[in-house]
Amino acid sequence: MIDLHFAATPNGWKITIILEELGLPYRVVPVDLGAGAQFAPEFLAISPNNRIPAIIDHEPADGGAALAVFESGAILRYLADKTGRFGGEGLRGRLAVDQWLMWQMAGLGPMLGQNGHFRLYAPERLPYPTDRYAREADRLYGVLDRQLAATGAHVAGADYTIADIACFPWIITHKAQGIDMARFPHVARWFAQVRVRPAVVAGTAVGRMARPDEITAEAKRVMMGIGG
């Protein structure tokens, strides 16, 4: 059994998707970000950066004690290695997957997060950061579009891998990000194919009903430091 410390965000959905794809039994442990549960000592013990997701694998492959893993990219790689699935085949296949996984972790996720923040949540609309992150989001969509044009299939090549699982939940937010998907036809093609996978449907359904319709001022203060 795997305990998944989770909130319904793109990073959280990466892990529900792969767990559904792998058919591994898991238990969702909700983390109320707006209430500051991510700062609780018991959560920091498994996720020292006070960010979701984190997992505890009670049946690690080495047969040892329960194993905690934090950071969504590390969790994806861990589960791929544990099961021998979705991690890339051979030296070159694994390297391709890991490069695009790192690209998502270092670029696509953080930059789309900043773009969304300044578009949707900043207490005042500041032209410079709004424009700066909108341009970077657009650039990254272009990078992904060119890669998908080159592969003609999935992010890291012909096969569906953890690189796709890492990227997909962030592309769900394309409308809120102000992205015109018509400008990125290869991303649109890939997105349409991935979104109908049964495990993706099931994974992205987790926690949706618990998502607030509106983020309160107190939740913004706790999660984003807005208002002190």
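Tutor: Gladly; we will take a sheet, its helices and a pocket in turn. This is a predicted model, where local features need pLDDT of at least 70 and side-chain atom pairs pLDDT 80 or more, while totals for chains, interfaces and linings use all residues. Residues are numbered from 1 along each chain as its sequence is written, and side-chain values use heavy atoms, without hydrogens and water.

Student: What makes β1 and β3 paired strands?

Tutor: Pairing takes at least two DSSP bridges between strands (E runs of at least two residues; helices are H or I runs of at least four). Strand β1 (residues 2-6) and antiparallel β3 (residues 54-57) are joined by 4 bridges, so they pair by that definition.

Student: Why do β2 and β4 count as edges?

Tutor: The open sheet has 4 strands in the order β2-β1-β3-β4, with mixed pairing. β2 (26-30) and β4 (67-70) each have a single partner strand, so one side of each lacks a neighbour in the sheet.

Student: Which strands does helix α1 touch?

Tutor: Contact means heavy atoms within 4.5 Å. Helix α1 (residues 10-22) packs on the sheet and touches β1, β2 and β3. Helix α3 (residues 72-83) lies across β1, β3 and β4.

Student: What is the make-up of the lining of the second largest pocket?

Tutor: Its lining divides into 6 nonpolar residues (Ala, Val, Leu, Ile, Met, Phe, Trp, Tyr, Cys and Pro), 3 charged (Asp, Glu, Lys and Arg) and 6 polar (the others, Gly among them).

Terms used. Axes fitted to C-alpha atoms, helices over the stretch in contact; angles between N-to-C directions.
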